[in-house]
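Dear colleague,

I am handing over the structure below, and I would be glad if you kept it open while you read the notes that follow it.

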Amino acid sequence: MESLIKSLDSLYCDSLTSYSRRKTIPVRVGDITIGGDNHIVVQSMTTIDTMDTIGSVEQSIRMIESGCELVRITAPSIKEAENLRHIKAELRKRGYQTPLVADIHFTPNAAELAARIVEKVRINPGNYADKKKFEVIDYTDASYADELDRIRDRFLPLVKICKENGTAMRIGTNHGSLSDRIMSRYGDTPLGMVESALEFLRICEDENYHDIVISMKSSNTQVMVQAYRLLVQKLNEGGFKPYPLHLGVTEAGEAEDGRIKSAVGIGTLLEDGLGDTVRVSLTEDPEFEAPVAKALIDRYTGRKAHSPIAEIPHYPITPFEYNKRHVSEIYNFGGHNVPRVITDISKIEKVTDREMKVVGHFYLPELDKWKMNDQGCDFVYSGSNPIPFMLPNGMKEIQNFSVWQNAVDSVNKFPLFTLEEFKIAGRFHSELNFLEISDTEMEAAIPVISVRKDVVLILKTDNTHSMPALRRAFVNLLEAKSDVPVVLKVSYPDQSADSTTLYAATDVGGLLIDGLGDGVLMSLEKEADHSRQEILDQIKLHNSVSFGVLQAARTRMSKTEYISCPSCGRTLFDLQETTAMIRKRTDHLKGVKIGIMGCIVNGPGEMADADYGYVGSGKGKITLYKGKEVMKKSVPSEKAVDELINIIKEDGMWNEPETI
Ligand code: SF4
């Protein structure tokens, strides 16, 4: 992979330090244009049966009213493709000109019809001309070329229809549904995803058809980010046109987890100026998706005016594969430790033992004992408000140096220094000291920390282009060959809970994705005055978002992961209700990944690396999986959750939930 990064020119974005949108060709989709100098377009997808014309129209209107500028509707067969005509006519009759996109899997005939009706067609190159059999095939160059000829024959009619009708197309690769051909040659990799799209793109370019948008979706945020970056690099190197990008994380899930996972993937790319249209997919009603996409996109309005960040002459980070920065172990930071969560409680005076439940630690007075849930923070930062009781073993306290140096117990508490204090301090903790610096102080800090083996940096920035500013500071550390652990400190004063969640997921997640960061601290420092309860609520949010971001960036698994599809017209059961039911019974299974998919056509492929799968296979019928292996077919839905739990138990992955 190193060879891929020949120079900055062959990187994946215009600049790693100065915000600028990647220049793409404009692609017209009805009344709107994706790419070029146009704003980033928000889109979403209906979940209702496409044959329900009025239901589809009314759901589309709710989506449009919530900010959706492009509505995608599934067309699994020719009859749904035909019905797009009625949906479109009814929408126009009601005064909505929003362009429609037909979503196609497996059915070229439906695509060819839909391309004559709607403004854009999405095809999945993994299944347009192939049925997945999970076969490993040993291709020779000649037999591979024959396969490409077969695809060309199958795909060419659609390209011609799109060209004739001025219909745009998305070549939408999904990590979970790569063809056996691609899997056999490239494996389940970002490169395989890119090549899957390029096979189809070459056919379009040969026909001089360029109204194309490309996506590289995965439910694994690391794979998703790497695939988009690699796609841009391959487009640049291969002399292709700079096609606009459609960003999305598949099967992101619901609620806070779904928002965090979406922001880690989508936000990371937006930071580097990639992305021309965004779809956030949540297991919620589709009208809840557009506001999340919009909140992610709106953050870049005016971003160009950020304070300058020093350019990077030689980029020492591999952006196309995950490599954790080499860090030495200091106390329980760095080395092989998971990234740590430090939760800021410094705005609470004389915190009580009962209030510690907001950081996942529960005091049980009748037993005089502490219990911790899966989101019990590792450290609390008390600043200048020392904790007035003994802490449980699983949690340590960080105090401002000025408080720590006068504390009675300075062994079980750890000091936090400013750079000035650190330079002149006469006393340090023997094992662990925290030095807080901003990105602009990094060069001054490096010589000071290089002589010590008991320091963890807490790194922050005031730059509005914050993820790249912090990333630049890591480049300084890498250049200096420093292996000091670094905790990422972020703060979002006066932001709503939703914005705080999305912004932290972008800023912290964007660094974790590249192996940077050994902990997270969401700060209260700049927060205005609030009531005690409001601050406690804020702390609870920070604590849970911190764990959520670490999980979404796949760096620390602290809870069960649900890879649930957003549902569409193919869905065979109520996804929200079923996900809630499965979550209720399994959300104590730390690190276990459960796929919950609405249909057997795409579900098994799209649940990617789930450990277990719950997939709709008929009305009221569920097929259960262990990995990619079918364990039980056609289980009645009322018994399916129990059967799923039995499979998990038989696999030795079950434990009984603890009560706190
Ligand atoms: S897996 Fe879910 S979103 Fe994907 S096609 Fe099936 S029902 Fe639709």
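Before the sheet is described, two terms are needed: strands (E, at least two residues) and helices (H or I, at least four residues) are DSSP runs, numbered from the N terminus, and two strands pair if DSSP finds at least two bridges between them. Please bear in mind that this is a predicted model, in which local features need pLDDT of at least 70 and side-chain atom pairs count only at pLDDT 80 or more, while totals for chains, interfaces and linings use all residues. Residues are numbered from 1 along each chain as its sequence is written, and side-chain values use heavy atoms, with hydrogens and water left out.

With those terms in hand, you can find an open sheet of eight strands, paired in parallel and ordered S8-S7-S6-S5-S4-S3-S10-S9. Its edge strands are S8 (212-217) and S9 (246-247), each of which pairs on one side only. Within the sheet, S3 (residues 41-45) and S4 (residues 70-74) are joined in the parallel sense by three bridges, and Gln 43 stands opposite Leu 70 in S4.

S15 runs parallel to S14 (residues 379-383), with four bridges between them, and Tyr 381 stands opposite Ile 398 in S15. Four bridges also join S15 to S16 (residues 413-418), again in parallel, and there the bridge partner of Asn 400 is Leu 416 in S16.

Turning to the aromatic rings, a search of the whole structure finds 21 aromatic pairs; rings of Phe, Tyr and Trp (its six-membered ring) pair if their centres lie within 6.5 Å, and planes under 30 degrees apart count as stacked, over 60 as edge-to-face and the rest as tilted. The rings of Tyr 128 and Phe 200 have centres 6.4 Å apart and planes at 90 degrees, so this pair is edge-to-face. Because Tyr 128 lies in the loop between strand S6 (120-123) and helix H4 (141-165) and Phe 200 in helix H6 (residues 190-206), the pair ties together parts that are 72 residues apart in sequence. Tyr 128 is buried, at a relative accessible area of 1%, and Phe 200 is buried as well, at 0%. Elsewhere, ring pairs link Tyr 331, Phe 333, Phe 379, Phe 414 and Phe 434 into a cluster.

Key:
Buried means under 20% relative accessible area, exposed over 50%, partly exposed in between (1.4 Å probe, protein chains only).
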